[in-house]
Amino acid sequence: MGKHAAVKRRTVVIGLGTAAGAAAVGGFALNARATDSSPARSSGTSDSLVFDTDAYTELTTTLSTDDGDKEVKYHFYKAVTYVAAPVDEKYQSLNVSVPVEIDGASVDASRAPVLLANSVGGYMPSSVADATGVGGAAMTGAPGGGTGGASPSGSPSASASAGTGEVASGGNAQLDGRGQMVSNAKLALAAGYVVVEPGARGRTLVDSDGTYYGVAPAAIVDLKAAVRYVRFNKGRIPGDTDRIVTSGTSAGGALSALLGASGDSPLYEEQLKEIGAADASDAIFASGDWCPIADLEHADMAYEWNWGGNELGSGELVDQTVSKELKNAFADYQASLKLRAKGFGTLTARNLDEYLLKTYVEPAATRYLAALSESERSTYLASNQFITWSGGKATFTWADFLTHVGARKKDAPAFDAFDLSSGENNLFGKGTTQARHFTQYSLRHESGGSARLDGDIPEKLRLMNPMYFIAQRNKGMARHWWIRVGTKDSDTSLSVVGNLAASLKALGAEVNAAMYWDKGHGANDDAGDFIEWIAQVTGYQGKK
């Protein structure tokens with residue numbers, strides 16, 4: 001495939017690559033500080049992938065933080081192509097923001113953590129080409145209807161949905177606890193971190209010959225290439241390139257989790273070589289994941305297990321035969337994970353609801369209510385009498401919680417739509433075929449009981465699923481994880497976050513996972529805490 005409309009970029013001189021180091025934790029090798037002691041692999045890409053340290057614009061901006069507004073002067077490197085053989089430079093480029101002064105005090109960011117903040121939503125394309133400063137990366141071509149149940153094509157919409165307390169389904173934006181837009185990239189820069197914002201190809205990109213060139217696994221291959229570029233340029237890109245922390249929301253959250261789980265997996269090597277990725281490790285140090293739309297091959301089952309009894313916004317129930325069949329299939333999948341939790345034993349489809357309730361949902365309600373004034377809390381409890389507030393704790397049943405959440409967002413199946421109308425169907429398109437089934441259930445429902453998935457689908461599913469690499473105990477896996485979702489987010493099942501966190505904990509990873517009470521898709525109520533968490537897990541001592 002030839003190059004597409006591009007943002008051209010000049011690069012110079014030769015550099016050496018890096019290789020991931022690892023430390024054994026909890027029975028498997030977790031990503032630790034990498035070194036550049038091993039020689040670069042001989043792919044011939046190093047000449048064109050050296051970061052131009054002088055190609056920046058100096059900008060000054062005022063950024064709002066929990067500690068008040070901060071005036072930040074920073075060096076902004078725009079639209080740097082991160083692969084030697086790009087398919088489309090508009091998407092395969094990244095921006096770098098390096099703080100040099102905060103509130104008049106000089107900043108040395110040479111050893112600061114690096115936040116790699118993707119802006120993918122709905123598995124759509126994401127580009128930094130038009131950004132004018134930090135936090136300006138954008139998802140493009142997004143359908144307004146979301147990642148599931150929407151036409152594979154459509155108009156972009158990544159902003160907050162009016163009055164809903166969440167971002168548009170499939171959006172890449174985030175909302176803080178006050179319902180205001182929040183940017184991890186901007187907060188990280190204000191804290192003195194180096195910020196890298198990579199673009200990536202997405203599912204709606206179509207070549208002049210009708211070929212879909214951003215379908216799976218293009219997005220994760222691109223983001224891995226971006227990580228490799230940053231690590232390849234250790235000592236040229238300011239910041240501690242061995243301490244890369246990723247962040248993403250929705251599909252971007254799933255991709256951030258996938259970066260954390262699949263570091264240095266050889267399964268991507270062929271695709272990375274095709275685009276001329278740098279000779280370096282693609283393992284990351286820590287992963288921040290908000291409402292990840294992950295584990296797609298099991299997402300329809302999980303959705304019906306969680307939301308099967310909830311009505312649609314129209315007040316109608318989905319096809320209950322379909323819902324029950326998918327829910328029953330989830331029981332087998334959940335059993336196959338063989339997850340255990342203290343006080344619950346093996347997590348099965350029978351006790352997973354109680355586990356999620358006690359581990360995440362009730363604590364989220366407790367934190368919310370405890371933060372209210374006494375009069376505000378009394379008013380809220382009067383309107384939500386299913387909650388028992390006693391001893392400073394909120395308790396209720398799972399059934400009452402589901403009733404409280406109300407309408408589900410998606411029909412059944414939620415992801416592999418029978419009519420191939422979902423964004424995920426488009427994600428698994430191939431060549432000039434816009435959309436394909438990726439589960440046996442939906443395929444056989446439409447094509448008969450003997451139908452078989454296309455031969456490449458199982459491998460693509462593995463390449464897009466962090467749970468696969470966790471199950472394989474991938475040696476390059478990140479050690480630290482920050483995972484968040486709103487309790488009213490029915491873009492996918494709450495079990496996705498629960499199982500992701502439990503799987504990582506079982507392998508000895510450090511996991512900070514929580515839910516936000518009464519919040520929907522894209523909530524980020526504790527953005528400042530995430531920034532502080534980065535400093536804690538990376539051992540960063542300060543800005544100066």
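1. The charged end of Arg-462 is placed over the ring of Tyr-468, 6.0 Å from its centre, and that of Arg-484 over the ring of Trp-482, 3.7 Å from the ring centre. The criterion here is that NZ of Lys or CZ of Arg lies within 6 Å of the ring centre and within 35 degrees of the ring normal.

2. On provenance, this is a predicted model, in which local features need pLDDT of at least 70 and side-chain atom pairs count only at pLDDT 80 or more, while totals for chains, interfaces and linings use all residues. Residues are numbered from 1 along each chain as its sequence is written, and side-chain values use heavy atoms, with hydrogens and water left out.

3. A search of the whole structure finds 23 aromatic pairs. One of them joins Trp-290 and Phe-530 in an edge-to-face arrangement, with 4.8 Å from centre to centre and 85° between the planes. This pair links distant parts of the chain, since Trp-290 belongs to strand E14 (residues 286–290) and Phe-530 to helix H15 (residues 527–538), 240 residues apart. For the terms, rings of Phe, Tyr and Trp (its six-membered ring) pair if their centres lie within 6.5 Å, and planes under 30 degrees apart count as stacked, over 60 as edge-to-face and the rest as tilted; helices (H or I, at least four residues) and strands (E, at least two) are DSSP runs numbered from the N terminus. Trp-290 and Phe-530 are both buried, where buried means under 20% relative accessible area, exposed over 50%, and partly exposed in between (1.4 Å probe, protein chains only).

4. Helix H15 itself deserves attention. Its 12 residues should span 16 Å at 1.5 Å a residue, and its end C-alpha atoms are 17 Å apart, which agrees; the expected span is 1.5 Å times one less than the number of residues. Nine of the 12 residues are buried, among them Phe-530, Ile-531, Trp-533 and Ile-534. The cover over the buried residues of H15 includes E7, helix H1 (184–190), E13, E14, strand E19 (480–486) and strand E20 (510–516), contact being heavy atoms within 4.5 Å. Just after H15, Gly-539 takes a positive phi of about 75°.

5. Which strands pair with E13? Strand E7 (residues 114–117) is joined to E13 in parallel by four bridges, with Val-114 as the bridge partner of Ile-244. E14 also pairs with E13 in the parallel sense, over five bridges, and Gly-248 stands opposite Asp-289 in E14. Two strands are said to pair if DSSP finds at least two bridges between them.

6. Six of the six residues of E13 (residues 244–249) are buried, so this strand is largely enclosed by the rest of the structure. Both faces are covered, with Ile-244, Thr-246 and Gly-248 buried on one side and Val-245, Ser-247 and Thr-249 buried on the other. In a regular strand the side chains alternate between the two faces of the sheet. Helix H3 (residues 251–261) is likewise mostly covered, with 11 of its 11 residues buried.

7. The largest nonpolar core holds 155 residues, of which Phe-396, Trp-481 and Trp-517 touch the most other members. Helix H2 (residues 218–232) gives the most to this core, with 10 residues. Such a core is a set of buried Ala, Val, Leu, Ile, Met, Phe, Trp, Tyr and Cys residues joined through side-chain atoms within 4.5 Å. Leaving aside neighbours within four places in sequence, Phe-396 is in contact with residues including Leu-357, Val-361, Phe-386, Phe-401 and Trp-517. Phe-396 also belongs to a cluster linked by ring pairs, together with Trp-305, Phe-330, Tyr-333, Phe-386, Trp-398, Phe-401 and Trp-517.

8. Most residues other than glycine have a negative phi, and most peptide bonds are trans. The peptide bond from Ala-216 to Pro-217 is cis, with omega near 5°, and Pro-217 lies in the loop between strand E12 (194–198) and H2. Another cis bond joins Ala-412 and Pro-413, with omega about -5°; Pro-413 is in the loop between helix H9 (398–405) and helix H10 (423–427).

9. Two non-glycine residues with positive phi complete the list. Asp-103 has a phi of about 50°, lies in the loop between strand E5 (93–102) and strand E6 (105–106), and is partly exposed at 46% relative accessibility. Leu-420, with phi near 60°, is in the loop between H9 and H10 and is partly exposed, with a relative accessible area of 28%.
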